[in-house]
Amino acid sequence: MLESLSAFWAEYGTLLLEGTRDTLIMVGLSTVFAYLIGLPLGVLLSITQPHGIWPHKWFNRVLGWIINVGRSLPFIILMIAIMDFTKLIVGTKMGVPGAIVPLVVSAAPFIARMVETSLAEVDAGVVEAAQSMGASRLQIVWKVYLPEAVPSLILGASISIITILGYTAIAGAVGLISDITQQERLERTRREYVSNVSHELRTPLTAVRALVEPLKDGMVTTEDARMRYYDIILREVMRLSRLINDQLELSRLQSGTIPIEKTRVALDDLVYDVCDRYANIAIERGLELKVLTDFSDCPAVWANADRVE
């Protein structure tokens, strides 16, 4: 028995400690921030009732309706619905910071109702006595309502903490869904990248084939023409090498960026190289490939020649 417990702790002990720490952080911070929002809301709900010390019928109804809507939303739906708001506040949708914001938003209306219920238990005679002695509304709240309701507020805090603790389990489930969604998006991006690379690989291979076949068949008779063909083949082989190296940068897709090295590119050289490279392919298909525009006066551009081709 002890050996099994030791083996279990050796394998999962660190994970359990990290999970316990994260849970305590989520519950603690969420409770504090939820009370910072829920306590004033609960006080407003109590004092704006028709029999309260600051009656405002329509304000109480509107505030009560908003709080009821917040309480009625299932936590998992609320958490998914405000993911963009969560990222705006804490900079991430994942992890402990990403769980605290929806926990606060979900717990604050619940705490507001708990506070309202606690303040309703305060003896009305004590409040009337404070009013008869000329106490202001703020003094009544701070020196009568809240001190008299402390036992009930403590009980409500215990219930709120237990509720938030239950929400943290759902927060972990949503975090898992978000992580799977992100992995699926990354995998789709990788597939698209591999498809694009395959297309890029076919282009220089087609050009090399179109140049090698005339050389093999003896159709290129002059030494200058053969050297020109060899130069083009060399450039295409170097391009293939660079494309293969680009595949090694696939892991950089996780950061959302693929670096592109840029240099000064002369447009006239680029256009004539492409024309020479695919002239034989055009001839095989009964076409004639010519450059009709003079690019010699065009300024050099800052680009990646391989990507432009």
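**Entry: ground rules.** I noted that this is a predicted model, where local features need pLDDT of at least 70 and side-chain atom pairs count only at pLDDT 80 or more, while totals for chains, interfaces and linings use all residues. Residues are numbered from 1 along each chain as its sequence is written, and side-chain values use heavy atoms, with hydrogens and water left out.

**Entry: overall layout.** I found 12 helices and 2 strands in the protein chain. Helices (H or I, at least four residues) and strands (E, at least two) are DSSP runs, numbered from the N terminus. Read from the N terminus, the order is α-α-α-α-α-α-α-α-α-β-α-α-β-α. The chain has 309 residues, and 32% of them count as buried. Buried means under 20% relative accessible area, exposed over 50%, and partly exposed in between, with a 1.4 Å probe and protein chains only. I also looked up contacts (heavy atoms within 4.5 Å). Among those with a separation of 6 or more, 71% join residues 24 or more positions apart.

**Entry: salt bridges.** I searched the whole structure and got 2 salt bridges. Glu116 and Arg113 are both buried. They sit 3 residues apart in helix H5 (residues 95-120), so about one helical turn separates them. The other pair I looked up is Asp22 with Arg21, at 3.2 Å, N to O. Asp22 is partly exposed, at 24% relative accessible area.

**Entry: Ser46.** Ser46 is in helix H1. Leaving out residues up to four places away in sequence, Ser46 touches Gly52, Glu116, Leu119 and Tyr145.

**Entry: the largest core.** A nonpolar core is a set of buried Ala, Val, Leu, Ile, Met, Phe, Trp, Tyr and Cys residues joined through side-chain atoms within 4.5 Å. The largest has 30 residues, and those touching the most other members are Val43, Ile53, Leu119, Val127, Ile140, Val141 and Tyr145. Two or more residues each come from H1, helix H3 (75-81), H5, helix H6 (124-132), H7 and helix H8 (150-216). H5 gives the most, with 9 residues. I then listed the contacts of Ile53, setting aside neighbours within four places in sequence: Ile47, Val127, Gln131, Arg137, Ile140, Val141 and Tyr145. A second, separate core has 7 residues, including Val208, Val220, Ala225 and Tyr229.

**Entry: helix H7.** Helix H7 (residues 137-148) has 12 residues and reaches 15 Å from its first C-alpha to its last, close to the expected 16 Å. The expected span is 1.5 Å times one less than the number of residues. I found Ile140, Val141, Val144, Tyr145 and Leu146 buried in H7.

**Entry: the surface.** The accessible surface of the protein chain is about 19,900 Å², with 63% belonging to carbon and sulfur atoms. Areas come from the Shrake-Rupley method with a 1.4 Å probe; for residues, only the protein chains shown count as cover. I noted a nonpolar surface patch of Phe8, Trp9, Tyr12, Leu15, Leu16 and Leu17, with about 630 Å² of accessible area together. Patches are made of residues with over 30% relative accessible area and no salt bridge; like charges are joined within 9 Å, nonpolar side chains (Val, Leu, Ile, Met, Phe, Trp, Tyr) within 5 Å. Phe8 lies in helix H1 (residues 2-47) and is partly exposed, at 43% relative accessibility.

Technical notes: A salt bridge is a side-chain nitrogen of Lys or Arg within 4 Å of a carboxyl oxygen of Asp or Glu.
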